[in-house]
Amino acid sequence: MTIVRRSPVLVVGVLVGLMIGAAEVAGGGAIWRAATSTAIPIGYALLVTLLARRSETASVLAGRPVDERWEMMNQEAAAWALGLSAIVIIAAFIVTDATHG
């Protein structure tokens, strides 16, 4: 439980990496591709977590803002990311529906 509180980005990065790798293998992809797909999110999460101790920007990316200024920027960035993600998902549904699958 302490690891999750200290580094949620690392835990999520590992879980996402494993899920992407498993999906690649289940879809019949090559092992090297599954390994690469697994390593990218895990590597990103590990890098951000390690750099968070030395860099204010990396600490925001790791989910641990240094002070209230960074907390406000983090909240605004999260709101933008949520909105843009919703737009991308809706656009993907529209394209899928328009091309019949």
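Arg33 has a relative accessibility of 47%, and therefore counts as partly exposed, since the partly exposed class lies between the buried limit of under 20% and the exposed limit of over 50%. In this predicted model, Arg33 forms a salt bridge with Glu24, and the closest N and O atoms of the two are 3.8 Å apart. Side chains of opposite charge can pair when their charged atoms come close. A search of the whole structure finds 1 salt bridge.

From this pair the reader can turn to helix 2, which comprises residues 8-26. Helix 2 has 19 residues and reaches 27 Å from its first C-alpha to its last, close to the 27 Å that is expected at 1.5 Å a residue. Which residues of helix 2 are buried? They are Val9, Gly13, Gly17 and Gly21, and because they cover an arc of only 95° around the axis, they are placed on the same side of helix 2. An α-helix has 3.6 residues a turn, so residues three or four places apart point the same way. The cover over the buried residues of helix 2 includes helix 3 and helix 4, whereas Met19 and Ala26, on the other side of helix 2, are exposed.

Met19 also belongs to a nonpolar patch on the surface, which it forms with Val12, Leu15, Val16 and Ile20, and which has about 430 Å² of accessible area together; of these residues, Leu15 has its place in helix 2. Beyond the end of the helix, the chain continues to Gly28, which follows helix 2 and has a positive phi, near 85°.

Next comes helix 3, which spans residues 31-51 and has 21 residues. From its first C-alpha to its last, helix 3 reaches 30 Å, close to the 30 Å expected at 1.5 Å a residue. Its buried residues are Ala34, Ser37, Thr38, Pro41, Ala45, Val48 and Thr49. What do the buried residues of helix 3 pack against? They pack against helix 2 and against helix 4, the latter being residues 56-61, and helix 3 in turn is part of what covers the buried residues of helix 2.

The last stop is Asp67, which lies in the loop between helix 4 and helix 5, the latter covering residues 68-98. Is Asp67 buried or partly exposed? With a relative accessibility of 24%, Asp67 counts as partly exposed, because the buried class is limited to values under 20%. Asp67 and Gly29 are 38 residues apart in sequence, and their C-alpha atoms are 44 Å apart in space.

Key
Residues numbered from 1 in each chain as written. Predicted model: local features only at pLDDT ≥ 70, side-chain atom pairs only at ≥ 80, totals over all residues. Heavy atoms only, no water. Helix = DSSP H or I, 4+ residues; strand = E, 2+ residues; numbered from the N terminus. Expected span 1.5 Å × (residues − 1). Buried < 20%, exposed > 50% of the residue type's maximum accessible area, 1.4 Å probe, protein only. Contact = heavy atoms within 4.5 Å. Patch = residues over 30% accessible without salt bridge, like charges linked within 9 Å, V, L, I, M, F, W, Y side chains within 5 Å. Areas by Shrake-Rupley, 256 points an atom, 1.4 Å probe, with all protein chains shown as cover. Salt bridge = Lys/Arg side-chain N within 4 Å of Asp/Glu carboxyl O. Arc of directions from axis to C-beta.
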